[in-house]
Amino acid sequence: MSATWQMRGVALFVRLAYARRFSSTAAGERTLARPKGPSAPPFLTTMSEINGFPVHVVGEPSSRPPVIYLHGGAYTNEIVKQQWALVKDMAEQTGCEVHVPIYGLAPRHHGLEALDFVTAVIRSLGRPCYLVGDSSGGGLALLAAQAVPASVAGLTMIAPWLDLTMSNPEVDALEPHDPWLARAGLRPIAAAWAGELALDDPRVSPLYGDLSQLPPAQILVGTRDITMPDCRLLRDRVPGLTYHEQEGAIHAYPLLPVPEAAAGRRAIYEHIRSTFS
């Protein structure tokens, strides 16, 4: 099935409005150096602090297992209103509390610091949780599941950034069709996030890590997204992974104002509910 006209329209808007942020190495460096905006939610939450970083909690207290949501933004952009909207909807549709750790961003912060923070949040819950992440947050969610597998009961990754090297040869043919992301601009951001680590270190690039102890996992990705080739690799390496590939969809499509997003969100909520049923 081809993309809806709404998806095609959003793809055109994204190409005009955002693609320049990743169009070249210099553009990526400017994106990396851009001042960070506020990360406060547009609605009331409860908030605590772990390792010096805030953690927001959305939803009513529940006996159901908690969800942790890790936002995307190429590890250098703050959480935005579309991600907060997904968090609120997720809490309402699943009946789970959703915890949102606001991890530090590149270039001031790096991957090991974020992973230490997220695993501390997981341990603070005292019971198994479900991880959800989009884009870079999807990669961080997989890293956390690899780091503390006994504490993670389920995992959803929305177009995850799985490999900071971005060396999959299948990306070459796909990149011209992605209206949003380009490797040239992402490379300086990846280097800043890795810090002193190699880009293929499994502590920042989960595709190189241990995939043998993962909980029930799910991926959603579009066919006009340069993360798709690595998502397919992960699908092929993890037996039983639930894989959704949306024809014509662009990056992180369940967060977008398009008809395809509704089906994507339903799949996420169903996976969360089925994990704990």
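Which residues are exposed on the other side of H1? I started my notes there, and the names I wrote down are Trp5, Leu12 and Leu16. Before going on, I noted that this is a predicted model.

**Entry: helix H1**

I looked up the helix itself next. H1 runs over residues 5–17, so to speak my opening stretch, and has 13 residues. From its first C-alpha to its last it reaches 18 Å, close to the 18 Å expected at 1.5 Å a residue. Then I checked which of its residues are buried, and found Met7, Val10, Ala11, Val14 and Ala17. They sit on the same side of H1, because the arc they cover around the axis is only 145°. I also wanted to know what covers these buried residues, and helix H9 (259–275) is included in the cover.

Is arginine 265 buried or exposed? Its relative accessibility is 16%, and under 20% means buried, so I put it down as buried. Leaving out residues up to four places away in sequence, I listed what arginine 265 touches: Gln82, Ala85, Leu86, Asp89, Pro254 and Leu255.

I turned to H2 (residues 25–33) and H7 (residues 183–194), whose axes come within 6 Å and cross at roughly 45°. H2 and H7 are therefore oblique to each other. I noted the crossing of H2 and H7 as right-handed. On the H2 side I found Thr25, Gly28, Glu29, Thr31 and Leu32, and they meet Ala184, Gly185, Pro188, Ile189 and Ala192 in H7.

My other pair was H4 (residues 111–125) and H5 (residues 136–147). Their axes come within 10 Å and cross at roughly 65°. The crossing of H4 and H5 is right-handed. H4 brings Ala114, Leu115, Val118, Thr119 and Ile122 to the contact, while H5 brings Leu140, Leu143, Ala144 and Ala147.

**Entry: aspartate 200**

Where does aspartate 200 lie? I found it in the loop between H7 and strand S7 (217–222). At 41% relative accessibility, aspartate 200 counts as partly exposed. I then looked at aspartate 163, which is 37 residues apart from aspartate 200 along the chain, and their C-alpha atoms are separated by 6.8 Å. Not counting residues up to four places away in sequence, aspartate 200 touches Thr165, Ser205 and Tyr208.

I went through a few backbone details last. The peptide bond from alanine 106 to proline 107 is cis, and I wrote down an omega near 10°. Proline 107 has its place in the loop between strand S4 (98–101) and H4.

Tyrosine 75 has a positive phi of about 65°, although it is not a glycine. I located tyrosine 75 in the loop between strand S3 (67–70) and helix H3 (81–94). Its relative accessibility is 0%, so tyrosine 75 counts as buried.

Alanine 159 also went into the notebook: its phi is positive, about 45°, although it is not a glycine. I found alanine 159 in the loop between strand S6 (152–158) and helix H6 (171–174). With 1% relative accessibility, alanine 159 counts as buried.

Technical notes:
Residues numbered from 1 in each chain as written. Predicted model: local features only at pLDDT ≥ 70, side-chain atom pairs only at ≥ 80, totals over all residues. Heavy atoms only, no water. Helix = DSSP H or I, 4+ residues; strand = E, 2+ residues; numbered from the N terminus. Expected span 1.5 Å × (residues − 1). Buried < 20%, exposed > 50% of the residue type's maximum accessible area, 1.4 Å probe, protein only. Arc of directions from axis to C-beta. Contact = heavy atoms within 4.5 Å. Axes fitted to C-alpha atoms, helices over the stretch in contact; angles between N-to-C directions. Parallel < 35°, antiparallel > 145°, perpendicular 65-115°, else oblique. Left-handed = near helix turned anticlockwise from the far one by under 90°.
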